[in-house]
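Colleague: Please take one part of this model and go through it closely, giving the cut-offs behind each term as you reach it.

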Amino acid sequence: MLLEKEVTNLVNAIEETNEFKKFKKAKANLEKHKDLKEEIELFQKKQMELYNMNRQGKEANNLAAEVNMSFNKLSQITEVNKLLVSGKAFNDMMLSIYKDINSLLDTKFLK
C-alpha cells in the first residue's frame, strides 16, 4: 500500500534528524544506569497515578508533592537532564510535523 510506504519513509526521515539521534542516545545512556532507570520508572508510575487520580484533597496533594520532589531530584542528574532536554526537542519536532500535516490536509479539504 502506498500510504504504508510513505509512513515508512517519514519514519526513516525522522530517524535521521538530530532530535531523534540525541533522544535515542540519551535513552541508551540511561539504560547503562539500572538503578537510575528504575527510579525514573517509579517516578513515572507515581506521575500516572496522580494523573489518573479523580480525587482532590490531602492524598492528592501529598502525591503531587512527592512527584514534584522526585522530579526536582531526578532532573538534577546529568543523564536524566539530557533525556528531558532531548525528549522535549524531539516532541517539539514531532508536534511541528503533526501541525504541518494538519495544515496540508486543511488545504486539500478547501480545494
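Modeller: Two directions count as roughly antiparallel when the angle between them is over 145 degrees, as roughly parallel under 35, as roughly perpendicular from 65 to 115, and as oblique for the rest. The model is a predicted one, in which local features need pLDDT of at least 70 and side-chain atom pairs count only at pLDDT 80 or more, while totals for chains, interfaces and linings use all residues. Residues are numbered from 1 along each chain as its sequence is written, and side-chain values use heavy atoms, with hydrogens and water left out.

Helix α3 covers residues 34-52, where helices (H or I, at least four residues) and strands (E, at least two) are DSSP runs numbered from the N terminus. Its 19 residues reach 27 Å from the first C-alpha to the last, close to the 27 Å expected at 1.5 Å a residue, the expected span being 1.5 Å times one less than the number of residues. Buried in α3 are L36, I40, F43 and K46 (buried is under 20% relative accessible area, exposed over 50%, partly exposed in between, with a 1.4 Å probe and protein chains only). These four lie on the same side of α3, because they cover an arc of only 125 degrees around the axis, taken from the directions from the helix axis to the C-beta atoms. K34 and K45, by contrast, are exposed on the other side of α3.

The buried residues of α3 pack against α2 (18-31), α4 (58-75) and α5 (78-110), contact meaning heavy atoms within 4.5 Å. With α4, the packing angle of α3 is about 150 degrees and the axes are 10 Å apart; axes are lines fitted to C-alpha atoms, for helices over the stretch in contact, and angles run from 0 to 180 degrees between N-to-C directions.

Turning to the neighbour α2, its 14 residues reach 20 Å from first C-alpha to last, close to the 20 Å expected at 1.5 Å a residue. Its buried residues are F23, A26 and L30, which cover an arc of only 60 degrees around the axis and so lie on the same side of α2. The face turned away from that buried side carries the exposed residues N18 and K25, while α3 and α5 are included in what covers the buried residues of α2.

The two neighbours α2 and α5 also pack against each other, at an angle of about 150 degrees and with their axes 8 Å apart, and they are therefore roughly antiparallel to each other. In this pair, α2 passes α5 in a left-handed crossing.

Conventions:
Left-handed = near helix turned anticlockwise from the far one by under 90°.
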